[in-house]
Structure formats: structure tokens, C-alpha cells
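Dear colleague,

Here is the structure I promised to pass on. My notes follow it.

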Amino acid sequence: MAQVLPESVPRSTPDGIVQETLPSRQFPGIPLFILVFLLVLPGLFAPYLAPHNPIRGSLRARLQPPVWVQGGTITHPLGTDKVGRDILSRIIYGARISLAVSLVAILVSGVIGTALGLMAGYFGGRLDALIMRLVDISLGLPVILLALVFVAAIGASFITVVVVTTVLLWARYARQVRGETLSIRERDFIARARVAGASHFRIMLRYIFPNVINTLTVLATLQIGAVILLESALSFLGAGIPRPTPTWGSMIADGRDLIVVAWWIAMFPGLAIMLTVLSLNLLGDWLRDRLDPKLRNI
Amino acid sequence: MRQARLRQSAGLFMVLMLLSLAFLGGDAQAQTREAKVDRLVIGLINPFRDYFRAWISGTPDHNIQHDPILEWLIEIDPDTGQYVPWLAKSWEMTPDGRLWRVKLQEGVNYHQDYGEFTAKDVVHNHALWCEANYPGRADPPSSAYRTGICTVERVEVINDYEVLMHCKEPCLDFEFYYSEAANVMMFSKAQWDKEGEMGYERKPAGTGPYEFKERKLGQSVLYERAPTPHWKHGVVDWKELMMTWTIEESTRYAQLLAGETHLTEVNKDLVDQLVSRGYKLVRSRGTAQQIQIVFGGLYFGTEDPQTGRYTEHGGITGKLDPSEPWTKKKVRQAMNKAINREELLEVLYKNRADYMYVHGYYPDLPGWDPTWEQRFPEMYGYDPQAAQRLLREAGYPNGFKAKAWLFPFAGAPELIPLVEAVQIQLLDVGIELRLEEADLVSTIAPIWRARKAHGYLAAVPPSKKAVEAQIAVFNAGKAGIHQFETDEIYRMWEELKQLADPTERDVLLRKIGNYKFENFEIIPLFNVFIEVVVDPNIVDDWAFPGWDGGDIGHTWRITACKQEEPCR
Amino acid sequence: MQRYIIIRLLQSLLALWVMSLIVFGLARVTGDPIDALLPIEATLEERETIRRNWGLDKPLHTQYLVFLSKAVRGDFGNSWKWQGHTAMGLVLARLPATLELAGVAIAISIVLALPLGVLAAVKKDTLFDSVGKMVALLGQSLPAFWLGIILMWIFAVMLGWLPTSGRGGISRLILPAVSLGWFQVAVIMRLVRSAMLDVLDSEFVKLTRVKGLSEWKVIWKHCLRNAAIVPLTYFAINAGVLMTGSVVIENVFVWPGTGRLALEAIQARDFQVVQAIVIIFATVFLFANLIVDILYAYLDPRIRYQ
């Protein structure tokens, strides 16, 4: 299967000739705007932007509705949670954690996946078979169960969330990069480099890697959303980043039982995730069309 | 003329008769009106264990599945909290406290034609728990209460309806250990002999008002009304009774609103919401649990492997660490005084709880000291300034850092926000808690057992039980908890076990209680009730005591709402 | 050909063995199952008795060998949490529910994604395309449990059209399947779209156009046939994604499947059941893939000789 399925999604464009078959999409201005304001700015400047301490709350002020709902106050524009913490502040700080988790997880899984993918595609043969078998396993098997067992074993923390996410995501990079590498390695400039005496490592790093960067960019953009969602699923299963650290995922998980009494606890972080992931997807789509129109099977 | 008159009066008579018949008939109809649904569905959180052989892991809060079908010797009256007759008709203790004469109810029959309940069944069930190698029992018994249950070392049969329970040492709490609050439910000896232990799993025969019908593992269990009226409760209101298990709070809530369940347990915020929508709050008639925060690492007692003191559960591995701030009494008092109980009670517990003073003590149980209530505000009451002063005196003018565990606990959803709120309150006196989410059974329990909980706070909800049992489990190291242990309390506990006179026992229990109270052994918070919400169109009421094991038992006392309007 | 099959078979067995090592090893470090099963008050002696009964007093490698030798015969031992049941029996009893849910979720996502993908390809950058894409992306942008709770709230409580939870009948299947399936819609839509674009570009389609077939017919009959295979391939490769979703969704909707069983087993440290679930899933998946591979190899001789 390893030999067959990656190519099973049709790739008709001849190797190396980039055909602009799609009219380029509109520049994703709104998504970018949303991302900057929802993820990047809060992530970088949380302490300056948040009106309250995200950890300290006042019990007496618990379950206050947002300002526009009867009973809400301007002090807590988006209301408060079960122990009276300010939702807005938690969302702002949560962006920072979500951003950190996503970036670290994507970086780690990207590096591992790319390295393995490059090697598999470049060397082929047994190594390729081995790596692709690992890829199959991690995509097809209930890795989430192993991940939960893992968390049960060593306890939930930022690190475990990153590890679990990496275990679940690296295979996608490996698969994609291997596919690209397979076609790139047949091209003339690789042969020329080989003749010129470049080492395998150098060829992979200097000649092949630059050619897969576009793919990686697109994939990473799309994966940030996946990481945020995965973190929230882990929180739901009791294996997320521990309290009282605010993350969007854990805020939803925490507020889910009161969704009918105090909808704002779960709704606003939910909206934040939705808008962010949506924007990332739109941005990713645009990047893909822009950078690499033949790359359609991500 | 006369004829006409006769006819007239006859007509009138007829009319009157018809009217009165109609009236009577209507009345009769009202009396025999049935429950509005045939099947009562109870939406519970989790099944705890999906098997009936209670001795495999006998945590007594987990007997809910046994409750409709099986019966115990002694009942805890929901309304008074007193021990009252059940399968045992009467019981009395000899003055030395070492022998109980128990008379059994006559004419009680097991389901499925397994014959009458008699002394042989008592012997059998005692042996299931206490005999090391009982033939036919594959798994060894284990339970919180096995020590207490097996203080009865021999059951002597006088006749079919009378037994003598011989105790190793005074067993004043016999009533507790053979009540529904503990584990010794009366399975059928005849069924055991005929089908073996797996018979209890396939279709356990009990003496209760319901018979076991079907279990869908991890999903639900179904009971049906026994074909003959129950010897004690007559005919129960429901043809069928079903329990379903749903971990997700919001799903249980939705199930009730959608009419798929008729009774469920949810957190207090959702209870309020449901009550405002016309649903009815029903709570245990008595206190069910004591919400408290325990200090990790109060291992003051000296271990003694010879007598097994504090060593039975691997306790000897962890030692007292005097550098822990709260090994100093003043620090424990300071932390108590930093807690704003009023705020927690009002906001988290919606004022539906009472203050508690000493762990394990209840006004209706022996050892209670009415002065605690008056002394409490002075010693424990909220006073951040006093708390800071105490911390200064203890050598922590700037407070200190500590840790607290967070864990989900089925049926006590407030524990997590409680700890989060306490974290915030303690910050005001300079004590910084780092919260750690952990699993109670796999992470915290082993640490407790090994006496290595130094530096950790944990909020726990121990359920109501006999006072001596509480001390044995929490203070004398007779379990893996090691909450607050000193040589003093151990000595008093040993003395307590030899007392046969209830009055002397009461005095000593009070002394132990005061010792605990004055040493600030814990951060006592609230006596809470078990709360359930019912659909008032279907269910009228449910009287349940809320004791350990009986947590939410007495399912036969869930009565149907038989009137047109909702039963508010 | 024979040699190819043998090699692939060996590879699969090797993968299975590695899985067994991983799951066995991970399970042992999660904590003592005795702690999870016995009350905290249980005495040391009681604990030791149980430990002996379960064979947990033996050294790890002995435990592993016992586990392995039984597992190859399909015996995963008795469950510790669900006394009186075998681990294998528990998993097999729950498997149909999970397969049913996953199957319907896949069906729902394909039914939604196919037309959306086709439209996105044909009516590129029109309102159709944008709206369709938004619907698809929405599913991918929401945490599945959150979506589930909200759907339950709307359709079961507010509207009363569907039951909230449990299994039995189609009505109980709809909400969990939608919550699980919606997530995949965007991905599949993308795949279908690009596959469609490829097919629309191909000589074959140009030829049918020249032949004068209506555009509609070209698209739906000739192109779709080629595009439809895409989502199926996707699910064949990404079965693990569905598993992640079903653990979450089964818990929200009280669906009696293996996902819920797995979570409860992990919480109770019931290694026997955890091992059985992972190994059974792995076996099913690996051998399904093996068969697919062999079929491919049979159809395309080049692969055999690679």
C-alpha cells in the first residue's frame, strides 16, 4: 500500500512544470486580519492586553454573563466562568498557550516528519518500506488510545500534549514529503549535484528540501488548526493542559456542562477556535493555490 | 298513584345509587391510579462496577445496582437515620459487647423459587466476606469494611430464624457493618449451591421488591417488579426500573429534559436551572458526605511493625517531614482562618449544605459535642488578618508555596471549582497553590498509601459512616489514607475498641473528636446532601438516607406521581 | 506474486508484534491496576492476593510472554474492571456499535462532500463554491464534542426531533454520526475537488465534450465516477482519525462502542481490555490494508517487482 496509495490521488501535472490551472484566489485579507487579532497579537502581548489576571477570579463574581446580556457588566465584557475568572482575559492568554502548543508541536512533528519523508523518498528501498509502514501504522491505528495510555502513565502537561500531538501528526509530513521527494530526485539538477560529488545529506538539505518548503508551509498552516482542536479533544478526555492554565480547548471542556446555564464559558473560546481554524484553512487554501497549485491532495 | 309514587321513589333511589356508585367508582379509580409510565428510568453517572459479587471490590458506595433486588439485615431509616429492622427482625447485644442475638424475619422468599430466607443464608453471606478459602468463591474478598464485618468471627445458628453473632472483640458497631451502609447484602445460599458464583451474575436472586431482568454492560441495568407483592413494601409503583449510566453532565441534563430519564443527578448550577423549569429537587434526608480539605504529610505517629501500627498499607515508607509548613499547628489554623466558608457555601453550594466541624462526627451519632458549633468561629472562622498573624508566628511571614490535587469525582462536581476557589482565597494570605490534575485511583491513592503526600492538599468527600470506622480508616492507619496520625489518637482508638459500654464509648469518642478539633487536623467545610432532580409529572418523591452504601439507595421508595398535575 | 504476499504478510505480523510491545509496555507504566480496582482501604494482604491471582507478581518479561502466547490464540484474558467477562468478548461485543457509527459517519461525510467537491470544482470561485466551502470548513473548525453537545441541545431538547443519546434505531444514530462525520467533510471535499479538476482537464473528458454530451452529464456521470474513489481511499488510509473522533463522540452520546470502552478501560487501568482493543483494531486494519495491497499488486504488476 505504501507504494501505491500516496499516488492514488491523481497528480496529472507533469513533473516540474507548474501549470497555473487555477485562477489565483482572492487575497485572504479577512482571515489574516482575524488571525492577527485573535491569535498573534494576543499571543505576543497577552499581559498588556488582558484586562484581568486569567488565573485569579472572584468567586462572588462567578457566572456573570457578557456585557450585552442582562446582568452583565463592562468589567467582564465576555462574562466570567465557574470560579469568577474573566473569560476575555482567559481567551487572550489562551491564545498564547494555543499558539505555543501549535508552534512547538508543528515544529517537532514537521522536523521529524520531513526528515523521515526525505530519507524515505530519497533512499527508497528497505528504508522507505520501513518508514512508510510506520506512517501507515500511525495514520491507521488507534494512536489516540496509545496517546491516552501515555498520558495516563506520565500525567498531563504541556509536554505530554506536545508529544501526543507530534505522535499523531508527524506521519502526514512524512507521507507528503516522501511523495515530493520521489519526483524531485529524478530531476536533472539532482543528478548533476550527484555527479559533482555532493553528499546524500547535502543533496537532501540543499537541493530537495528547498523544493518541499512550499508544501510544508501549506501543511503547517492547515495543521495549526488541527493541533488546537486536538488539544481541546485531549482536554475533553481529561488529558489536556492542566488547570488553571487557560487554553481554548480546556475552557470549552470546562464550560461544556454549563452550556445551558452559562453558554458564554464554552461559546467564546469555541468561537475563537472556530474563527482561527477557519481562517487558517482559508489562508492555507490560498497559500496552496499560490505557492503550489499542483499540491491538491493535502 | 301509589304506583307512580313508588316508581318515582324507585327512580330517585336508582339515580342516587348510580350517583353514589359513580362517585365511589371515581374515588376507587383515583385510588388505584397507576404510575404514568411503566418504566422508571434513573439517569446515573456511572455504574461503579458492573457485576454483583460485591466482595470482589467492596467499596460500599457502589451498591446501587444491588439496591432494588437485594436486602440487608438492617436498614437505615431515611427519615430518622436510625437502624431499623429489615431482614433482621430484632437484635440485641450482651453487656460485654461481644455477642449479638439476631432474630430473622420469617416468611421472606427469594426470587426464582430459591426458597425462604433463613439463618443458613446469613452464615453463607458472612462466610463470603470472612472465610479465607470459601469453597466456590474464586476471588478473595476485599472491602473498606471487611475488618468491621469480620469482627464477627462466627455465626451460630440457633434455628432457621435466629442466629448468634460471636465477635472477636467488642463490636458495638455491628449494626453499621451489617446495615445497608456496608456490604453484606443477603444473597441466596440455595442459588450459590445450585448455580455457583456466576449465578449471581447471570440472574441474582434476591428478596427485594424488584427482580433483576437484564444488564447491558456499561449502558444500563433493568429490573422488573417481582411477581408477588413484597413482604415489606407490598407492591411498588413501577412495573420496571431502569438505571442508565452517562458520564457527561450535559447529556444527563438533556436526557431529563427530553423525557428519556425521569430522575438524574447533575451539578448544583444545573439543578437550579432545572428547578426554575419546574423540575423538582429531591435530596437525601440526611447528610451524605463531609466536604473537607486534607493536609498531606501529617504522619506524626510512630510506626511499629510489631503491632502493625501504620505499617499495614506500606505506611512505613513515608515519614514526617517537619520542614513542611503545615506540620505546624499554627499554619493549619492559619489556613483554616484564610478560608471564607460563607462565600464557598453561598456561591458554590447555593446554601444547600451545613457547616461541618469535625471529620467523622455527626449530631445523630455517638461522640458529638454540641460546643463545637460555638467554638468554631473563634478557632476556625474567616479572618485573613489573624491568619497572617498566625503565619508570621509560625515563621512564614510571606506565606509559602504548596500543591493541591484536582480530580473529577462522580457525584461531587463542586470539588474542582472548590479547590480553584480555595487557591484564590489562600493567595490573599500569601499561600500559593500549584494545582495538579491527577487521577484519584491510579495516582493519588498510591501516594497516600505510601505516606508520601507531603505538600499536597486534596479536597475529599468521605461519606457518612459509623464514627469508629472513620477513625480507624482516616486516623489509625487502618486503610491507605493516613490523614492525620498521632500516637495519642492511636492509643485512644485502641482503648475505644475495648469498650463495651455505650456511655463510656460516647465519652471517649467525644474526647477523640475534641483532640481532632483542637489540632486542626483538616480544613472542615460542609456537610452536604446527595441531590437528585426528578420529573414531577412522573415522580412524586424519594426518601433515601444518604449514608455510605445507602448513598442513593432505597429505590423502592421512589414513588410515582399519580395525580393529573405535577407533584410539586 | 507469492513472494510479494509473503513479504507483506511478514511485514504486517512484524507491525502487529511491535504494537503488542508498545501497548503492553505503555500499559504497565500507567499505574497499578490493583489501585484502580480495590478500594483504598484494602489491606496489603488483600492486594497481594489479587496480584498473585492476576499473575502481576511475575517479572515483566514473563507477563509479556504469557500475554503474547495467549493473544495469538485470541485470548486476551479476563477483564479486571468488568468481572466475569473476557477482554476479547467485551471488545467484540462493542465493535459493531463503533463500526456502525463510523460507517454512517463516513457515509454522511461522503454524501455531503461529493456534491460540494464537485460544485467547488465546476463552479469554482462562485457563491456556490464559497458557501459550500464554508459549510465544510465549519465542521472542521469545531471541537467535535462541542458540536455534539450543541446539536444534542438543538435537536433533542429544543426541537425534540431526535433522542439525546444511546444506541438503537436510526434516530439515535443521526446526531453522533453527523458530529463525527462533519469533521471530515472539508478534507474530502478538497480531495474530490482536486480529483475533479484533474479529470475535467483530461483528454477523455474533452473527448466526451466534443462528442456533444451535455455538460451536466459529463460532470456527474464521467467525472464523478473517477472522483468517487478518492474519499474511500482517504478513509482506508486514515482510519485512525475516525478512532480519535469516536472516542470523544461516543462519550458525549453514550454510544456503547469501543471508544467509550477504551476510555473506561484506560481509566480503570484494565490493561487486558486496552490491549485487546488496540491489538484487535491493529489486526483488522493491517489485514484490510494487506488485502488492498495484494489487490493492487494483482492489478498492477509493476508493484510486485519493486
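**A loop proline in chain B**

B:Pro229 touches B:Gly234 and B:Val235, leaving aside residues up to four places away in sequence. Two residues touch, or are in contact, if their C-beta atoms, placed from the backbone, lie within 7 Å. B:Pro229 sits in the loop between strand E9 (220-225) and strand E10 (240-245) of chain B. Helices (H or I, at least four residues) and strands (E, at least two) are DSSP runs, numbered from the N terminus. B:Pro229 is exposed, with 12 other C-beta atoms within 10 Å. A residue is buried with 20 or more other C-beta atoms within 10 Å of its own, exposed with 12 or fewer, and partly exposed in between; here too C-beta atoms are placed from the backbone. B:Tyr210 lies 19 residues from B:Pro229 in sequence and 9.8 Å from B:Pro229 in space, C-alpha to C-alpha.

**Ground rules**

This is a predicted model: local features need pLDDT of at least 70, side-chain atom pairs count only at pLDDT 80 or more, and totals for chains, interfaces and linings use all residues. Residues are numbered from 1 along each chain as its sequence is written, while chains are lettered from A and ligands numbered from 1 in the order in which they are written.

**Chain B overall**

Chain B has 17 helices and 21 strands. Its radius of gyration is 27 Å, close to the 24 Å that the globule rule gives for 568 residues, so chain B is as compact as a globular protein of that length. The radius is taken over C-alpha atoms, and the rule is 2.2 Å times the number of residues to the power 0.38. Along the principal axes, the C-alpha atoms of chain B fill a box of roughly 110 × 55 × 45 Å. Of the 568 residues in chain B, 54% are buried. Take the contacts in chain B between residues at least 6 apart in sequence: 73% join residues at least 24 apart.

**Chain B against chain C**

Here 40 residues of chain B contact 36 residues of chain C. H14(B) gives the most to the chain B side, with 6 residues. That side divides into 17 nonpolar, 16 polar and 7 charged residues. Ala, Val, Leu, Ile, Met, Phe, Trp, Tyr, Cys and Pro count as nonpolar, Asp, Glu, Lys and Arg as charged, and the others, Gly among them, as polar.

How do H7(B) and H7(C) pack? Their angle is about 5° and their axes are 10 Å apart. That makes H7(B) roughly parallel to H7(C) (angles under 35 degrees). Axes are lines fitted to C-alpha atoms, for helices over the stretch in contact, and angles run from 0 to 180 degrees between N-to-C directions. B:Ser250, B:Thr251, B:Ala254 and B:Leu257 meet C:Ile149, C:Met152, C:Trp153, C:Ala156 and C:Val157.

**H7(C) itself**

Buried residues in H7(C) include C:Trp146, C:Ile149 and C:Met152. Among the elements covering the buried residues of H7(C) are H7 of chain B and H8 and H12 of chain C. After H7(C) comes C:Gly160, with a positive phi near 70°.

**Chain C against chain A**

This contact takes 53 residues from chain C and 47 residues from chain A. H14(C) gives the most to the chain C side, with 10 residues.

Best wishes

Terms used. Angles under 35 degrees count as roughly parallel, over 145 as roughly antiparallel, 65 to 115 as roughly perpendicular and the rest as oblique.
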